[in-house]
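User: I would like to learn how to read the features of a protein model. Could you take me through one, step by step?

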Amino acid sequence: MFIQALPSGPFLTNAYVLACEQTKQAIIIDPGVESCKPIINVINNHKFIPIAIVLTHSHWYHIADVFNLKKIFDVPVFIHK
């Protein structure tokens, strides 16, 4: 199991990349402000295959880079009601 926290943005909120090192499948969690490039770097450096973006909640500083990452990786986005 691979877990990388990526503090970013003005509040240093954590975005995460969670991945299986065997299958290389990865989930992006809470891609907040200015987290897009660091997330892409982690995914590319480890040759991970993103399969989803998961949002723990919808505060703007936790979801700011969702659109960009969804556009780049073409993966579904999940959030609770």
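Analyst: We begin with a term: contact means heavy atoms within 4.5 Å. Keep in mind that this is a predicted model. With that term, the buried residues of H3 pack against S3, H1, S4, helix H2 (60-63) and S5.

User: Which residues of helix H3 are buried?

Analyst: Buried means under 20% relative accessible area, and exposed means over 50%. In helix H3 (residues 66-73), the buried residues are Val66, Leu69 and Phe73. They are on the same side of H3, because they cover an arc of only 70° around the axis. Phe67 and Lys71 are exposed on the other side of H3.

User: How does H3 lie relative to the strands?

Analyst: H3 lies across S3, S4 and S5, and runs at about 155° to S4. After H3 comes aspartate 74, which has a positive phi, near 50°.

User: What is the order of the strands in the sheet?

Analyst: The general idea comes before the case. Strands of a sheet pair through backbone hydrogen bonds, and the pairing is either parallel or antiparallel. Here there is an open sheet of five strands in the order S1-S2-S3-S4-S5, and its pairing is mixed. S1 and S5 are the edge strands, as each pairs on one side only. From one strand to the next, the twist averages 25°.

User: In which sense do S3 and S4 pair, and over how many bridges?

Analyst: S3 and S4 pair in the parallel sense, over five bridges. Isoleucine 29 has valine 54 in S4 as its bridge partner, and isoleucine 28 stands opposite isoleucine 53 in S4. Moving on to the next pair, S4 and strand S5 (residues 77-79) are also parallel, with three bridges. There, leucine 55 has isoleucine 79 in S5 as its bridge partner.

User: What unit do S3, H1 and S4 make?

Analyst: They make a right-handed β-α-β unit. H1 lies across S1, S2, S3 and S4, and its direction is at about 155° to S1.

User: Is isoleucine 28 buried or exposed?

Analyst: Isoleucine 28 is in strand S3 (residues 25-29). It counts as buried, because its relative accessibility is 0%. Leaving out residues up to four places away in sequence, isoleucine 28 touches Tyr16, Ile39, Ile43, Pro50, Ala52, Ile53, Val54, Leu69 and Phe73. One of these shows how sequence and space can be read together: isoleucine 28 and isoleucine 39 are eleven residues apart in sequence, and their C-alpha atoms are 7.8 Å apart.

User: What is the relative accessibility of isoleucine 51, and what does it count as?

Analyst: Isoleucine 51 belongs to strand S4 (residues 49-55). Its relative accessibility is 36%, so it counts as partly exposed. Beyond its neighbours within four places in sequence, isoleucine 51 is in contact with Gln25, Ala26, Ile27, Val75 and Pro76. Isoleucine 51 and alanine 19 are 32 residues apart in sequence, with 9.7 Å from C-alpha to C-alpha.

User: How many disulfides does a search of the whole structure find?

Analyst: A disulfide is a covalent bond between the sulfur atoms of two cysteines. The search of the whole structure finds zero disulfides. The accessibility of cysteines can still be read. Cysteine 20 has a relative accessible area of 28%, so it is partly exposed. Cysteine 36 counts as buried, because its relative accessibility is 12%.

Definitions and conventions. Residues are numbered from 1 along each chain as its sequence is written. This is a predicted model: local features need pLDDT of at least 70, side-chain atom pairs count only at pLDDT 80 or more; totals for chains, interfaces and linings use all residues. Side-chain values use heavy atoms; hydrogens and water are left out. A disulfide is a pair of cysteine sulfur atoms within 2.5 Å. Buried means under 20% relative accessible area, exposed over 50%, partly exposed in between (1.4 Å probe, protein chains only). Helices (H or I, at least four residues) and strands (E, at least two) are DSSP runs, numbered from the N terminus. Two strands pair if DSSP finds at least two bridges between them. A crossover is right-handed if, with the strands pointing away from the viewer, the path from the first strand over the helix to the second runs clockwise. The arc is that of the directions from the helix axis to the C-beta atoms. Axes are lines fitted to C-alpha atoms, for helices over the stretch in contact, and angles run from 0 to 180 degrees between N-to-C directions.
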